[in-house]
Amino acid sequence: YNPALRFAPVDYDDLVILSVVKSVKNPLVFFYSDWGFGNNAYRPLNSLSIWIGYRLFNVSSGPNQLLNILLHISVMVLLYLLIVRISKNILIGFLATCLSLISLYTYSPALWISDRPTLFVALVLLLTLNYLEACNDQRRPNSLVILAFSILGLLSKESGLIVPLIAILIVYMKYGLSKENRKLIISLFITIIIYMIFRFLIFGRNATSYTESGYLYGFKYYKSSDELSPTMQLVATGEN
């Protein structure tokens with residue numbers, strides 16, 4: 001990843017984000033507005049990190065790219081720890097992590113500053129999974145910790161929704177529906193509902209409608225989800 005330290009921020013997405021953060025004096029505005037593209041995406045942690053980076057390093061490629069790479073390495077370390085916790089096999093953990101380190105599906109966030117929200121979601125998700133895996137009957141999961149991770153995931157990117165959803169699933173399957181667990185699960189559902197309501201307050205009826213490129217079934221590329229038929233849009237939404 002060393003060459004990435006010299007990647008100038010000339011990508012269209014990078015230039016748009018930099019132009020937005022340059023004109024924003026109060027970064028708190030990102031917590032109640034779009035992240036800069038006008039596509040109804042709510043990703044305040046990314047915009048805040050770009051805003052701080054611009055104030056500290058201007059548009060210098062090295063520091064900004066280095067942050068992405070360090071986040072990527074942190075995600076891989078957490079992935080390794082999680083796999084070893086589950087499999088009890090250091091070799092399996094090492095090989096699986098190496099595959100993820102260089103996979104075509106994971107190298108984009110490390111190399112592309114605008115894909116930093118994906119790194120934030122991955123980091124929070126793996127922190128949550130490692131924490132839940134470390135908990136047991138003697139050390140039950142702390143509700144405030146899980147709620148904090150869930151909120152951070154939702155502030156990172158739309159896909160951060162998987163953090164509270166997976167936490168609900170694991171808490172239910174691993175610990176059952178005791179009184180304390182029910183409170184935690186209900187709190188996570190309420191957090192998701194508040195997030196949805198907040199998005200509608202910001203973006204109105206467009207809160208759930210923004211176009212994305214991607215791959216159907218992992219190989220059929222589409223430039224915009226608007227190009228897909230209504231049925232395939234549902235498939236793409238389900239996959240994402």
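The entries below follow the order in which I looked things up.

**Entry 1: the model.** I noted at the outset that this is a predicted model.

**Entry 2: helix packing.** I looked up how helix H2 (residues 44-57) lies against helix H6 (residues 116-134). Their axes come within 9 Å and cross at roughly 120°. I therefore recorded H2 and H6 as oblique to each other, since angles of 65 to 115 degrees count as roughly perpendicular and those over 145 as roughly antiparallel.

**Entry 3: the contact.** I then asked which residues of H2 and H6 meet. From H2 I listed Leu 45, Asn 46, Ser 49 and Ile 50, and from H6 their partners Arg 116, Pro 117 and Phe 120. Sorted by class, this contact has four nonpolar residues, two polar and one charged.

**Entry 4: Asn 46.** I next examined Asn 46, which is placed in helix H2. Is Asn 46 buried or exposed? Its relative accessibility is 0%, so I counted Asn 46 as buried. Leaving aside residues up to four places away in sequence, I found that Asn 46 touches Arg 116, Pro 117 and Phe 120, and also Ile 17, Trp 35 and Ile 113.

**Entry 5: cysteines.** Cys 98 counts as partly exposed because its relative accessibility is 30%, whereas Cys 135 is buried, with a relative accessible area of 2%.

Key. Residues are numbered from 1 along each chain as its sequence is written. This is a predicted model: local features need pLDDT of at least 70, side-chain atom pairs count only at pLDDT 80 or more; totals for chains, interfaces and linings use all residues. Side-chain values use heavy atoms; hydrogens and water are left out. Axes are lines fitted to C-alpha atoms, for helices over the stretch in contact, and angles run from 0 to 180 degrees between N-to-C directions. Helices (H or I, at least four residues) and strands (E, at least two) are DSSP runs, numbered from the N terminus. Angles under 35 degrees count as roughly parallel, over 145 as roughly antiparallel, 65 to 115 as roughly perpendicular and the rest as oblique. Contact means heavy atoms within 4.5 Å. Ala, Val, Leu, Ile, Met, Phe, Trp, Tyr, Cys and Pro count as nonpolar, Asp, Glu, Lys and Arg as charged, and the others, Gly among them, as polar. Buried means under 20% relative accessible area, exposed over 50%, partly exposed in between (1.4 Å probe, protein chains only).
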